[in-house]
Amino acid sequence: MDDMITLGSGHGADIRLSALGLGAWQWGDRMMWGYGSGYAAAEVRGAFEASLRAGINWVDTAEVYGMGKSERLLGQFVRESNADILTATKFFPMPWRLRRGALLDALRASLRRLNMQRVDLYQIHWPVPLVSIETWMEAMADAVSAGLTRAVGVSNFNLDQTRRAHAALARRGVALASNQVEYSLLQRGPERNGLLNACGEMGVTLIAYSPLAKGMLSGKYTPDNPPPGARRHLYPPARLVAAQPLVGLLREAGQVHGGKTPSQVALNWVICKGALPIPGAKNAAQAQDNAGALGWRLTADEVAGLDEASEAVS
Ligand SMILES: NC(=O)c1ccc[n+]([C@@H]2O[C@H](COP(=O)([O-])OP(=O)(O)OC[C@H]3O[C@@H](n4cnc5c(N)ncnc54)[C@H](OP(=O)(O)O)[C@@H]3O)[C@@H](O)[C@H]2O)c1
């Protein structure tokens with residue numbers, strides 16, 4: 001079973017990634033994830049180390065995660081582990097960032113926090129319309145020319161925006177490697193709006209964020225045990241009730257495959273769809289569990305069954 005993929009079909013930089021990455025929004029973020037209460041640096045280091053041991057070779061972070069803390073922690077873990085780990089980070093087009101050069105300044109600041117000479121993938125976090133996509137893509141191509149990143153991607157871009165980014169980069173001879181969007185059994189927009197197919201045709205890797213629907217697909221949250229904090233608003237009781245049959249099917253499919261957990265089945269479904277999931281993990285146990293999505297595949301019938309069960313709730 002080949003659990004490695006070539007980012008962006010190998011145009012330009014030949015970057016080989018494990019078919020599952022590790023999301024690092026949780027590392028330092030208090031508002032959504034409650035970093036500092038219940039888990040902190042020691043636990044997220046455990047997530048990093050468990051992922052490495054399981055063969056995961058890349059981490060997704062962003063300058064805004066924990067206001068730089070996530071990048072700093074990742075830089076520290078990579079340095080101390082001496083591991084050959086690939087790094088993806090992101091530029092946020094804040095409203096005061098109006099010049100093309102602002103992107104390179106932000107990338108250099110990320111590199112300082114990461115304590116690295118270059119990253120492997122640099123992504124635009126959101127398509128904020130104050131500056132045109134074409135201008136930011138010029139800046140992304142500058143970042144590649146300057147040797148500050150090996151590949152470039154976008155995030156939260158719709159189909160039209162993805163095509164524009166792809167075309168603008170192509171004019172500079174740079175490939176658009178990826179588009180990172182929300183995609184899971186509870187959010188199937190990328191299938192319905194054609195983005196997943198179009199990315200495949202363009203050779204753009206679709207990176208799936210929130211592939212566990214922020215923990216809902218792990219099966220641990222139920223109408224009687226709702227998620228804490230801000231996630232309560234994203235997944236109110238009615239949505240949790242509606243998702244229970246799907247979670248039941250994840251459990252059943254896991255049993256057929258030798259006791260896989262609902263999280264492992266939900267992540268495997270994303271992989272079967274041709275996307276690259278990046279589950280966030282707060283500790284070693286979660287990271288190890290998620291890595292168990294690798295090394296096997298659901299059958300086409302099982303994928304179709306999960307598709308059907310998710311129709312009403314995604
Ligand atoms: N580009 C963007 O705009 C964007 C947006 C969102 C996320 N992302 C990226 O995508 C990554 C993943 O998305 P996400 O963090 O939103 O959601 P997710 O991966 O769907 O869910 C992560 C959360 O689920 C719970 N969890 C994870 N593994 C588990 C397991 N095996 N068993 C039980 N619970 C488990 C943990 O929270 P609890 O333990 O608290 O339940 C964890 O914090 C982020 O870290 C980030 O790198 C990018």
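**Strand E9 and its surroundings in the parallel sheet**

Strands E9 and E10 run parallel and are joined by two bridges, where strands (E, at least two residues) and helices (H or I, at least four) are DSSP runs numbered from the N terminus, and two strands pair if DSSP finds at least two bridges between them. The structure is a predicted model, in which local features need pLDDT of at least 70, side-chain atom pairs count only at pLDDT 80 or more, and totals for chains, interfaces and linings use all residues. Residues are numbered from 1 along each chain as its sequence is written.

Within E10, Pro277 is the bridge partner of Ala208. On its pairing with strand E8 (residues 176-182), strand E9 (residues 205-209) is also parallel, over five bridges; Ser178 has Thr205 as its bridge partner in E9, and Glu182 stands opposite Tyr209. Five of the five residues of E9 are buried, a residue being buried if 20 or more other C-beta atoms, placed from the backbone, lie within 10 Å of its own, exposed if 12 or fewer do, and partly exposed in between. Both faces of the strand are covered, with Thr205, Ile207 and Tyr209 on one side and Leu206 and Ala208 on the other.

These strands belong to an open sheet of eight, ordered E3-E4-E5-E6-E7-E8-E9-E10 with parallel pairing. Strand E3 (22-23) and strand E10 (276-277) form the edges, each pairing on one side only. Helix H3 (residues 101-114) packs on the sheet, touching strand E5 (86-91), strand E6 (119-124) and strand E7 (149-155), and its direction makes about 140 degrees with that of E5. Contact requires C-beta atoms, placed from the backbone, within 7 Å; axes are lines fitted to C-alpha atoms, for helices over the stretch in contact, and angles run from 0 to 180 degrees between N-to-C directions.

Helix H5 (residues 159-171) lies across E7 and E8, at about 160 degrees to E8. Its 13 residues reach 19 Å from first to last C-alpha, close to the 18 Å expected at 1.5 Å a residue, the expected span being 1.5 Å times one less than the number of residues. Thr162, Ala165, His166, Ala168 and Leu169 are the buried residues of H5, and these pack against helix H4 (133-145), E7, E8 and helix H7 (195-202). Gly173, with a positive phi near 75 degrees, follows H5.

Conventions
Contact = placed C-beta atoms within 7 Å.
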